[in-house]
Amino acid sequence: MTEETPGFEEKPDVPSGATPDDAEPKAASEEGAAPAGDASENAGLVAQLDQVRTALNERTADLQRLQAEYQNYRRRVERDRVAVKEVAVANLLSELLPVLDDIGRAREHGELVGGFKSVAESLEAVIAKMGLQQFGKEGEPFDPTIHEALMHSYAPDVTETTCVAILQPGYRIGERTIRPARVAVAEPQPGAQPAKPAEESTEAQADSAESAGSTGDAGNAGNTGNKESGGPEEG
């Protein structure tokens, strides 16, 4: 067994040239430097997180902008597609208008019979499905936006410029006019007084009849008075 020397205590190893008292401040400084290093590391992580958030917001804004541009592009393409289709249909139907005019003249002269009638009705049904509409009627007011006046005259029985004959009907697709209606128009006679409404003329005739009846009753009353007063009687 080893005998322990009385009064001997173990001391930590101390580097050469240093005293035991120098080791204690060094350990204390290492313990105080540890929290400062953690704080700087946390600040760096916060800065990186802010950069990531900023980049995410920028990418989100870019994505939203691209989505809006794509939606606008889709709407523009759809609008252009519909416009191109309408133009193509309008061009096709414009080429068929002379055929429709021939069918109309044949119908007016009673020549639309037999197989020709069936073909004409089928053609009219197809163009109606494509949206072609006919317009123009006699007696409607003249509208230069949809009517084309080929003949002009004056008439005493009109109060405004009126379509009195439809020379060729007009055609439209929706709001697009393919061909205006070609018409003959009539204007009021220069210097002619506007015709009175039927109600006013009827009231005037009734008033004149009442006044005439009153005059006749007064004359009969005068003759009766002369007879009663003993006046001269006619022989």
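Of the 235 residues in the protein, buried residues make up 12%. The model is a predicted one, and the values below are computed from it. The protein has three helices and six strands. Read from the N terminus, these elements follow the order α-α-β-β-β-β-β-β-α.

Helix H1 spans residues 20-108 and includes Tyr-73. Together with Tyr-70 and Val-77, Tyr-73 makes a nonpolar surface patch of about 310 Å². The relative accessible area of Tyr-73 is 45%. Burial requires a value under 20% and exposure a value over 50%, so a residue in between is classed as partly exposed; Tyr-73 is accordingly partly exposed.

Aromatic residues also raise the matter of ring contacts. In general terms, two aromatic rings are described as a pair by the distance of their centres and the angle of their planes. A search of the whole structure for such pairs finds zero. A ring does, however, take part in a contact with a charge: the charged end of Arg-172 sits over the ring of Phe-135, at 4.2 Å from the ring centre.

Charged side chains also meet one another. Side chains of opposite charge can pair when their charged atoms come close. The structure holds eight salt bridges, and three of them are described here, beginning with the bridge between Arg-59 and Glu-58. The nitrogen-to-oxygen distance in this bridge is 3.7 Å. Why is Arg-59 classed as exposed? Arg-59 is exposed because its relative accessible area is 53%, and the class begins over 50%. Glu-58, by contrast, has a relative accessible area of 44% and is therefore partly exposed.

Another salt bridge joins the side chains of Glu-124 and Arg-107, with 3.2 Å from N to O. Glu-124 counts as partly exposed at 26% relative accessibility, and Arg-107 counts as partly exposed at 39%.

A further salt bridge is formed by Arg-182 and Glu-148, whose closest N and O atoms are 3.5 Å apart. Arg-182 is partly exposed, its relative accessible area being 26%. Glu-148 is likewise partly exposed, with a value of 33%.

Two residue pairs show how separation in sequence and separation in space can be set side by side. Gly-174 is placed in the loop between S4 and strand S5 (176-179). How far from Gly-131 is Gly-174 in sequence and in space? The two glycines are 43 residues apart in sequence, and their C-alpha atoms are 6.9 Å apart. With 44% relative accessibility, Gly-174 counts as partly exposed.

The other pair involves Val-164, a residue of strand S3 (residues 162-168). Val-164 and His-152 are 12 residues apart in sequence, with a distance of 9.5 Å from C-alpha to C-alpha. Val-164 counts as partly exposed, at 39% relative accessibility.

Conventions:
Residues numbered from 1 in each chain as written. Predicted model: local features only at pLDDT ≥ 70, side-chain atom pairs only at ≥ 80, totals over all residues. Heavy atoms only, no water. Phe/Tyr/Trp six-rings, centres within 6.5 Å; stacked < 30°, edge-to-face > 60°. Lys NZ or Arg CZ within 6 Å of the ring centre and 35° of its normal. Patch = residues over 30% accessible without salt bridge, like charges linked within 9 Å, V, L, I, M, F, W, Y side chains within 5 Å. Areas by Shrake-Rupley, 256 points an atom, 1.4 Å probe, with all protein chains shown as cover. Salt bridge = Lys/Arg side-chain N within 4 Å of Asp/Glu carboxyl O. Helix = DSSP H or I, 4+ residues; strand = E, 2+ residues; numbered from the N terminus. Buried < 20%, exposed > 50% of the residue type's maximum accessible area, 1.4 Å probe, protein only.
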